[in-house]
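Me: I have a protein open here and would like to go through it slowly. Could you help me read it?

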Amino acid sequence: MVENKKTWRTSGALIAAATAGAFGVGLFASPAQAHTPVWEVTCSQVSLDLTNYGSKADNTVTVTVDGKDLLPTATFQNDFHKKLELPEHSKELQVRLVVKAADGDQYSRDETKTAPVCEGSTPKPSDTPKPKPTPTPSKPADTASPTPSDKPSTATSSAAAVPSSKPSADSGDLAETGSSSATPLIAGAAAVVIVAGGGLVWATRKRRGAAQG
């Protein structure tokens, strides 16, 4: 009887120890298996699938691309699922995921992945270097076009070709070629002088003849 009791006690102790060990392993393993941060990065988008993070407190998630926010810090409980479109790019992008678990930093994540360039994508105009402008050669001095002052004036040539019908003011007095309006008066005065002279001559001769007789 004594040996049977010892055997039962030993068996019970072993069973209790095994049960406690199994329970302890499950207790410690369950939190690690509960948090499932799954995320994928392609050339055009980022997929987030965060599950089993618990509903007792708020968890946070942030996604950045080359240091710029693609997903500003957002809070969630238990699960978070979202697809984020990446901007067009002509070179690889560095995508960073930061997840902070409410039940301990040991379950948080801070990971970085690379987004490749999509095939067939063309760079933006701003990414294409602009060609430098070709300097325009300067014209030689002997081939320069004449200035307006070098061209003959059409108005001056026309004016020189057509003589003016009006006499110039400073051309001097021209000789008179026709009779003046005072000609008849002068002719009458001359006739009177001639007649008077003839009368004087006749009177003088008559006096001389009388004196001699």
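Me: To start, is C118 buried, partly exposed or exposed?

Reply: C118 counts as partly exposed, at 23% relative accessibility, where buried means under 20% relative accessible area, exposed means over 50% and partly exposed lies in between, with a 1.4 Å probe and protein chains only. Please keep in mind that this is a predicted model, in which local features need pLDDT of at least 70, side-chain atom pairs count only at pLDDT 80 or more, and totals for chains, interfaces and linings use all residues. Residues are numbered from 1 along each chain as its sequence is written, and side-chain values use heavy atoms, with hydrogens and water left out.

Me: OK, and which residue forms a disulfide with C118?

Reply: C118 is joined to C43, with the two sulfur atoms 2.1 Å apart; a disulfide here is a pair of cysteine sulfur atoms within 2.5 Å. The torsion about the S-S bond of C43 and C118 is about 100°, so the disulfide is right-handed.

Me: Which parts does that pair tie together?

Reply: C43 lies in the loop between β1 (36–41) and β2, while C118 lies in the loop between β7 (109–115) and α2 (154–161), so the pair ties together parts that are 75 residues apart in sequence. Helices (H or I, at least four residues) and strands (E, at least two) are DSSP runs, numbered from the N terminus.

Me: Switching topic, how many aromatic pairs are there?

Reply: The count comes to two aromatic pairs, under a rule by which rings of Phe, Tyr and Trp (its six-membered ring) pair if their centres lie within 6.5 Å, and planes under 30 degrees apart count as stacked, over 60 as edge-to-face and the rest as tilted. The rings of Y53 and F76 have centres 5.6 Å apart and planes at 75°, so this pair is edge-to-face. F76 also pairs with F80 in a tilted arrangement, 5.5 Å from centre to centre and with 45° between the planes.

Me: And what do Y53, F76 and F80 form together?

Reply: Y53, F76 and F80 make up one aromatic cluster. Y53 is buried, with a relative accessible area of 4%, and both F76 and F80 are buried as well.

Me: Last one, how many helices and strands does the protein have?

Reply: The protein has three helices and seven strands, and from the N terminus on its elements run α-β-β-β-β-β-β-β-α-α.
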